[in-house]
Amino acid sequence: MTPSASRIKTPQQLLAESGADLEGHGLKRTMGLFQLVCFGVGAIVGTGIFVGLSDSVAEAGPAVVISFVLAAITCIFTAFSFAELGGAIPVSGSSYSFAYASLGERAAFLVGWCLLLEYGVSVSAVAVGWSQYLNELLESLTGWQLPAALSAGPGDGGVVNVPAVVVIALAATLLVRGVRESAGATAAMAILKIGILVVFCAVGFSAFRAGHLSPFAEHGMSGITAGASVAFFSYIGFDAITTAGEEVRNPRRNIPIAILICIGLVTLLYCAVALSAIGALGADAVADRPAALSLVVDQVTGSSVGGGIIAFGAVVAIASVVLAVMYGQTRVLMSMSRDGLVPRVFERVSPKSATPVANTWIVAAVFAVPAAFASLDVVVDLTTIGTLAVMAVVNLAVMVLRRRNPELPRSFRVPLFPLSPILGIGFCLYLIWGTGWTTWLQFAGFLVVGTLVYAVYGRRRSRLVTAPSEGAAPVRQAG
């Protein structure tokens, strides 16, 4: 049996198995550049800014703007790497497939394992945030809220978070109907939530007071770093763009462009929102406040109507994140299933809807459980460190594939190579350091479990071992 560390699928093999620039495995190319950008914005802008802003402010104070920029710099360097690899290997597996083509099967499985954490657990966290803003909206419209027992998990003083389960079920229902329908809905929601945040900035800046920014960095660089580690959660999702590689028209062109547009747009939006919120009320008033943006608008306008509008925008925004991130989760599982590393049920595509129906409903059922019973704070740090680890691997994959496959067509090339990916790895490690030793230990335990799952299941069932004739190419040795 070939050692799992040296089992590598070439980029050409990954492209051939997925259908390359054709329609493969029943998936249809229906998404254009505009829809892809909206999909990216839909995957990024949500809980991180509507709910997580208050946590970032609690760590960094007014210097949270620098925290957002620091998190964005990490994303930008990594976005360059995602753009190059997404254009060169436009398949549904995203980071998992990039690792398979560069570092081998074991590393790829662990990357896929981390993506399950990033996409899957963040769906649960995002759904919890959706529930908070839904209650805010209900109170604004009717003066009534869902009882705490039915709108929060045990860790937040409730029993079961019913709205969190509902939003996951609604997203799954839309996803199984078809990519065209879900992409259209995501585009509409992305435009709406950008408009809502622009309105928020206008309201916040109308009450801006420079004195609210002082002291600017009370906790120094350590506070900024801790804030950046928390703020990084706000950027999770841009890599989901590459999971649409088999359902995008002209993916070699559109994927790199969409990634870079999304990161630039979202960074400007986040910095403006943070600056306007703190400038209006001060860092102490925003820190550790649920539904902080609604609070800002309510106090600035002296009415609950504006806060209700923000709450409506948040409900739409966070729902779109659930939709987009669940999409990415199902496509990664589809790729892993094709390779035999997870059960085959995840690769089956319905001929009627051209979507992985069973895959989608399994994902929805599994991650509805933590959404119903977990607290948002429990999973944010662990999701962040898992995402940073994946991004470090993607930067490394760019360097490995440049050396191993220099002939691979690349519609976009990382600028300042190899400095950019090296800096990307460095920033990822720096933000990982900021998550703290408790999160390191949790993540180490998570990786140990993943390694055991691979050893018991994936290693022996890999298609490179069980069906090499179906693999279309021999196993390539690493090195």
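Where is the place of S462? S462 sits in the loop between α19 (437-461) and α20 (463-466), where helices (H or I, at least four residues) and strands (E, at least two) are DSSP runs numbered from the N terminus. Before going further, note that this is a predicted model, in which local features need pLDDT of at least 70, side-chain atom pairs count only at pLDDT 80 or more, and totals for chains, interfaces and linings use all residues. Residues are numbered from 1 along each chain as its sequence is written, and side-chain values use heavy atoms, with hydrogens and water left out.

Back to S462: its relative accessible area is 0%, so it counts as buried (under 20% relative accessible area; exposed is over 50% and partly exposed in between, with a 1.4 Å probe and protein chains only). Setting aside neighbours within four places in sequence, S462 is in contact with R7, Y100, E105, D339, G340 and L341, contact meaning heavy atoms within 4.5 Å.

Now zoom out. The protein has 20 helices and zero strands. Of its 479 residues, 61% count as buried. Take the contacts between residues at least 6 apart in sequence, and 83% of them join residues at least 24 apart.

For a helix pair, look at α5 (residues 64-88) and α12 (residues 251-281), whose axes come within 8 Å and cross at roughly 175 degrees. Here axes are lines fitted to C-alpha atoms, for helices over the stretch in contact, and angles run from 0 to 180 degrees between N-to-C directions. That crossing makes α5 roughly antiparallel to α12, the label for angles over 145 degrees. By class, their contact has 23 nonpolar, three polar and one charged residues (nonpolar: Ala, Val, Leu, Ile, Met, Phe, Trp, Tyr, Cys and Pro; charged: Asp, Glu, Lys and Arg; polar: the others, Gly among them). With 31 residues, α12 reaches 44 Å from its first C-alpha to its last, close to the 45 Å expected at 1.5 Å a residue, that is, 1.5 Å times one less than the number of residues. After α12 comes G282, with a positive phi near 100 degrees.

Most residues other than glycine have a negative phi, and most peptide bonds are trans. L416, not a glycine, has a positive phi of about 55 degrees, and at 64% relative accessibility it counts as exposed. The peptide bond from F417 to P418 is cis, with omega near 5 degrees.

Definitions and conventions. Parallel < 35°, antiparallel > 145°, perpendicular 65-115°, else oblique.
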